[in-house]
Amino acid sequence: MTRTVPDQTDLFVVGGGPAGLATAIAARQCGFGVVVADGARPPIDKACGEGFLPDGMAALQRLGIQIPASETWAFRGIRFWSSDRSADAVFPESSCGLAIRRIALHRVMVERAKQLGAHLLWGTPVTGISAEGVRLNDCFVRARWIVGADGANSRVRRWAGLDRSRPRLRYAFRRHFRVAPWTDHMEVYWGEHCQGYATGVSHDQVCIALASHDPKLRLEGGLHCLPRLAARLHGAEIVSTERGALTGNRQFRRVWRNNVVLVGDASGTVDAITGEGMGLAFSQAISLADSLRSGDLNAYQHEHRRLALRPQWMARLMLTMDRRPKLQQRTLRVFQRHPEIFQRLVEFHVGILPPSHLVCHGLTLGWELLTI
Ligand SMILES: Cc1cc2nc3c(=O)[nH]c(=O)nc-3n(C[C@H](O)[C@H](O)[C@H](O)COP(=O)(O)OP(=O)(O)OC[C@H]3O[C@@H](n4cnc5c(N)ncnc54)[C@H](O)[C@@H]3O)c2cc1C
């Protein structure tokens, strides 16, 4: 099939993953002309826990992305497991999280972007950018704005000279198992050297992701450190190939320069443990479109920083337990003794509770950890 490439556009979005498509949708909602190019072809898959927390779902709704119920699996809260201890909390105000396979999400987002009139180019890597526009293998497209939505290892970020940060990243892998979800919570299993994340994605499939600092620890090896999770999966058919990715908190001082602006993982990442990367990217896309409309990218920079604060902080807090089995046990014991602390943390995590309301629970947690 021949591919038509427009000569020029308002916005050229490099990368058609969740962040690029969300940006295309938000920009079209504001009336901009949009071209998206991705080197891969849909539906694009990626290592991911595949869950949206309630705040991410609110962003999905603002973008008008409607996912058929048959493609999703709802969860009511978050549960931590460490050895034989667990703590759980439900999302406030009867809200739910939603899990969806990445390939299904991609398909729905592509449809929404097409419906709004975005021009989508697949199998089309971007090979360079200049002040005037974007270079593809065989042509050049003039663009008023260039959006780097090309993922954590963004070349656009490098080309624009925005790539200044030292990452401290972890290694993550994911696979799907054919087994009925055993819980209506998204579960995090804490091991000595890794965490396993379990999210039901349909009536008969569970997505398992594993993250650790060890580049050699793949999913199968990690499950040996997580016997409770391994027992849940025992004998279940594996129904997807293993995919790997890097994860971690990473921030950049600036997310735009001249006519180049970054969104999604290209603009900084939050650790997979937050389950927030896509929701965050969607909120950034909405904010970016608003700022482009008003012509004030400093407003985007400011909002970008504000949006990332909460998940970055939560990731740092949760990862204090990483590689500290004793602290994991003590924390879980405190959460069991004071379930309201875990409940408030989850409420803060999904953006319902202001930070000031956490102070007293933080003090109780600190005191109990010292004295338990
Ligand atoms: C193990 C793990 C679990 C996670 N779990 C969750 C979760 O439960 N919930 C959640 O919300 N988030 C989660 N995340 C985070 C989430 O996966 C990312 O935040 C999200 O994929 C970011 O989307 P993106 O579009 O910015 O980047 P990507 O998904 O990486 O997409 C970038 C796109 O750019 C394209 N591209 C790259 N270079 C070029 C180029 N030169 N030209 C054209 N195209 C290019 C690529 O082909 C790709 O399609 C998890 C991450 C990991 C690693």
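**Close-up views of a predicted model**

View A. Ser83 counts as partly exposed, because it has 14 C-beta neighbours inside 10 Å (buried means 20 or more other C-beta atoms within 10 Å of a residue's own, exposed means 12 or fewer, and partly exposed lies in between, with C-beta atoms placed from the backbone). This is a predicted model, in which local features need pLDDT of at least 70 and side-chain atom pairs count only at pLDDT 80 or more, while totals for chains, interfaces and linings use all residues. Residues are numbered from 1 along each chain as its sequence is written. Ser83 sits in the loop between strand S5 (77–82) and strand S6 (85–90); helices (H or I, at least four residues) and strands (E, at least two) are DSSP runs, numbered from the N terminus. Its phi is near 50°, a positive value in a residue other than glycine. Most residues other than glycine have a negative phi, and most peptide bonds are trans.

View B. Glu93, in the loop between S6 and strand S7 (97–100), has a positive phi of about 55° although it is not a glycine. With 9 C-beta neighbours inside 10 Å, Glu93 counts as exposed. Pro42 and Pro43 are joined by a cis peptide bond, with omega about -5°. The loop that holds Pro43 runs between strand S2 (34–37) and strand S3 (51–52).

**View C. The shell around the ligand.** Here 41 residues surround the ligand, and the closest are Gly15, Gly17, Gly49, Gly264 and Gly277 (a residue is near a molecule or strand if its C-beta atom, placed from the backbone, lies within 6 Å of it). Two or more residues of this shell come from each of helix H1 (18–29), strand S12 (170–178), strand S15 (205–212), strand S17 (243–247) and helix H7 (277–294). H7 gives the largest share, four residues. By class, the shell has 19 nonpolar, 14 polar and eight charged residues; Ala, Val, Leu, Ile, Met, Phe, Trp, Tyr, Cys and Pro count as nonpolar, Asp, Glu, Lys and Arg as charged, and the others, Gly among them, as polar.

**View D. H1 against H3.** H1 and helix H3 (residues 102–115) pack at an angle of about 25°, with their axes 9 Å apart (axes are lines fitted to C-alpha atoms, for helices over the stretch in contact, and angles run from 0 to 180 degrees between N-to-C directions). The two helices H1 and H3 are therefore roughly parallel; angles under 35 degrees count as roughly parallel, over 145 as roughly antiparallel, 65 to 115 as roughly perpendicular and the rest as oblique. Pro18, Leu21, Ala24 and Ile25 of H1 meet Leu105, Met109, Val110, Arg112 and Ala113 of H3, where contact means C-beta atoms, placed from the backbone, within 7 Å. This contact of H1 with H3 has eight nonpolar residues, no polar ones and one charged.

**View E. H7 against H8.** H7 and helix H8 (residues 297–319) pack at about 165°, with axes 8 Å apart, and are therefore roughly antiparallel. Contact residues include Leu280 and Leu288 of H7, and Leu297, Tyr300 and Leu307 of H8. The contact of H7 with H8 has eight nonpolar, six polar and one charged residues.

**View F. Helix H10.** Eight of the 11 residues of helix H10 (residues 339–349) are buried, so the rest of the structure largely encloses it. Among the buried residues of H10 are Ile341, Phe342, Arg344 and His349. Just after H10, look for Gly351, with a positive phi of about 85°.

Technical notes. Contact = placed C-beta atoms within 7 Å.
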